[in-house]
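Thanks for coming. I'll keep this brief, so please have the structure open on your screens.

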Amino acid sequence: MDDAEDLCNIEGDGDGDGRNSSGVSSSTSGKAADIILWNLAADIILWKQWHVSCGIIVVATIAWLLVERSGLSFLSLCSDVMLFLIVLLFLQANFAVFRHEKLPKLPKLVLSEEIVNNGAASFRLKVNHALLMGHDITFGKDFRLFFKVSESHLYKMREL
């Protein structure tokens, strides 16, 4: 029990509540900007700022109607927006070179080995599940799925 921490005096010279001798909080988790943003989000969600809440609903409804009328899927729309943003960044960088300005700093993109291994393991599980399902369909262990697959295959063959 010699190496146990004194839980009442973690910060050092306070009374255990995270304050130092001057009474000022030494915790960095309670930043003023975080508190203001959380209060703003709570006001919008609770309809205290009803004009902002109504604006969010109107913009979301108009965006949904545009997506529905255009016939685009959500994934293709997202990829179009990402492509547009990449083109804008490319043009911004080229114009910065012509104006002899500094290029905007982009963060270094690095994938950790843990993320890659987790993704590969998840992908492997999904592929193994699909292969097992294909095996079951092929050898007739799942008759319903076998007939659904064969029916859709025959329907596609009739179209040709």
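**A short tour of the model**

A search of the whole structure turns up one salt bridge. The partners are Arg-99 and Glu-101, whose side chains meet at 3.9 Å, N to O. That passes because the cut-off is 4 Å.

His-100 is in the loop between H3 and H4. Its phi is positive, about 55 degrees, and His-100 is not a glycine. Most residues other than glycine have a negative phi. His-100 is also exposed, with 75% relative accessible area.

Now, how far can we trust the coordinates? This is a predicted model. Mean pLDDT for the protein is 77, and 76% of the residues reach 70 or more. Which helix has the highest mean pLDDT among the elements? Helix H4, residues 113-138, at 90. Helix H5, residues 143-159, has the lowest, at 71. Then there is the stretch of residues 1-26, where pLDDT stays under 50. The model has 15 contacts beyond four places in sequence for those residues. Where pLDDT is low, the predicted coordinates should not be read in detail.

On to the overall layout. The secondary structure comes to five helices and zero strands. Along the sequence the pattern reads α-α-α-α-α. Take the contacts with a separation of 6 or more: residues 24 or more positions apart account for 0% of them. Of the 160 residues, 4% are buried. The protein exposes about 14,900 Å², and carbon and sulfur atoms supply 67% of that area.

Next, the record. An unreviewed UniProt entry lists residues 50-67 and 73-98 under "transmembrane region". How do those spans look in the model? Residues 50-67 are 100% helix and 0% strand, with the end C-alpha atoms 26 Å apart. Residues 73-98 are 96% helix and 0% strand, and there the end C-alpha atoms are 38 Å apart.

There is a nonpolar surface patch to look at as well. Its members include Val-81, Met-82, Phe-84, Leu-88, Phe-95 and Phe-98. Together, the patch residues have about 1,100 Å² of accessible area. Let me pick out one of them, Leu-88. Leu-88 is in helix H3, residues 74-98. Why does Leu-88 count as partly exposed? Because its relative accessible area is 41%, which falls between the 20% and 50% limits.

Last stop: Ser-53 and Trp-47. Ser-53 is in helix H2, residues 50-70. Ser-53 is buried, because its relative accessible area is 4% and the limit is under 20%. Which residues does Ser-53 contact, leaving aside neighbours within four places in sequence? Ile-44 and Trp-47. Trp-47 lies in the loop between helix H1, residues 32-45, and H2. Trp-47 has a positive phi of about 60 degrees, and Trp-47 is not a glycine.

How values were computed: Residues are numbered from 1 along each chain as its sequence is written. This is a predicted model: local features need pLDDT of at least 70, side-chain atom pairs count only at pLDDT 80 or more; totals for chains, interfaces and linings use all residues. Side-chain values use heavy atoms; hydrogens and water are left out. Helices (H or I, at least four residues) and strands (E, at least two) are DSSP runs, numbered from the N terminus. Buried means under 20% relative accessible area, exposed over 50%, partly exposed in between (1.4 Å probe, protein chains only). Contact means heavy atoms within 4.5 Å. Patches are made of residues with over 30% relative accessible area and no salt bridge: like charges are joined within 9 Å, nonpolar side chains (Val, Leu, Ile, Met, Phe, Trp, Tyr) within 5 Å. Accessible areas come from the Shrake-Rupley method with a 1.4 Å probe; for residues, only the protein chains shown count as cover. pLDDT is the predictor's confidence in each residue, from 0 to 100. UniProt positions are given in the numbering used here, feature names are shortened, and annotations may be inferred rather than shown by experiment.
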